[in-house]
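I opened my notebook today to get to know a new structure.

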Amino acid sequence: MIGKLDDYLRFNEAALSLRSQRQQLLASNIANADTPNYKARDIDFASALQGALNRPTGAPAGVMRATSSAHITGAGQNNPDMLPDGSALKYRTVQQGSVDGNTVDMDVERNQFADNAIRYEAGITMINHQIKAMLAAIQGAQ
């Protein structure tokens with residue numbers, strides 16, 4: 001029974017998790033707009049979501065579990081080119097170069113930040129509708 005509920009909510013849960021991680025990444029880009037040689041990063045949301053949905057439930061990607069203190073840390077742990085869930089980070093293409101090597105374009109970053117925030121809110125709305133539909137089915141709403 002719980003497995004069916006997990007499957008029912010899985011898509012929106014995975015999408016919200018990725019949207020949250022992407023929001024932090026975009027905020028980091030904006031915060032580092034004046035940092036010399038900083039390279040703006042982002043994720044390919046569609047492929048990251050597909051990867052999250054293809055993983056078995058509860059199995060984080062790229063993370064190996066150490067069962068002994070003598071084990072060597074796995075390659076997927078603390079990888080700067082991946083999000084904690086295993087989604088690959090990509091460098092944003094440069095729209096306009098800068099003298100200091102920074103690739104953050106504030107107009108692009110603000111636009112992506114606002115778009116991602118709106119989509120996150122839409123995801124929350126979808127989960128709320130799913131939960132209300134489940135409650136209506138449980139309570140036998142007319």
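**Entry 1: the whole chain.** I noted at the start that I am looking at a predicted model. I looked up the secondary structure and found three helices and two strands. Reading along the sequence, I wrote down the pattern α-β-α-β-α. Next I checked burial: 30% of the 142 residues count as buried. Then I turned to contacts with a separation of 6 or more, and 77% of them come from residues 24 or more positions apart.

**Entry 2: helix α2.** Which residues of helix α2 are buried? I found Phe45, Ala48, Leu49 and Ala52 in this helix, which covers residues 45-54. Looking down the axis of α2, I saw that these buried residues fall within an arc of 100°, so they line one face of the helix. A reminder to myself: an α-helix has 3.6 residues a turn, so residues three or four places apart point the same way. On the other side of α2, I found Ala46 and Asn54 exposed.

**Entry 3: Ala14.** I then picked Ala14, which sits in helix α1 (residues 2-31). Is Ala14 buried or exposed? Its relative accessible area is 9%, and buried means under 20%, so Ala14 is buried. Setting aside neighbours within four places in sequence, I listed its contacts as Leu49, Ala52 and Leu53. Two of these, Leu49 and Ala52, are among the buried residues of α2. Last, I looked up Ala14 and Ala48: they are 34 residues apart along the chain, and their C-alpha atoms are separated by 9.5 Å.

Methods:
Residues numbered from 1 in each chain as written. Predicted model: local features only at pLDDT ≥ 70, side-chain atom pairs only at ≥ 80, totals over all residues. Heavy atoms only, no water. Helix = DSSP H or I, 4+ residues; strand = E, 2+ residues; numbered from the N terminus. Buried < 20%, exposed > 50% of the residue type's maximum accessible area, 1.4 Å probe, protein only. Contact = heavy atoms within 4.5 Å. Arc of directions from axis to C-beta.
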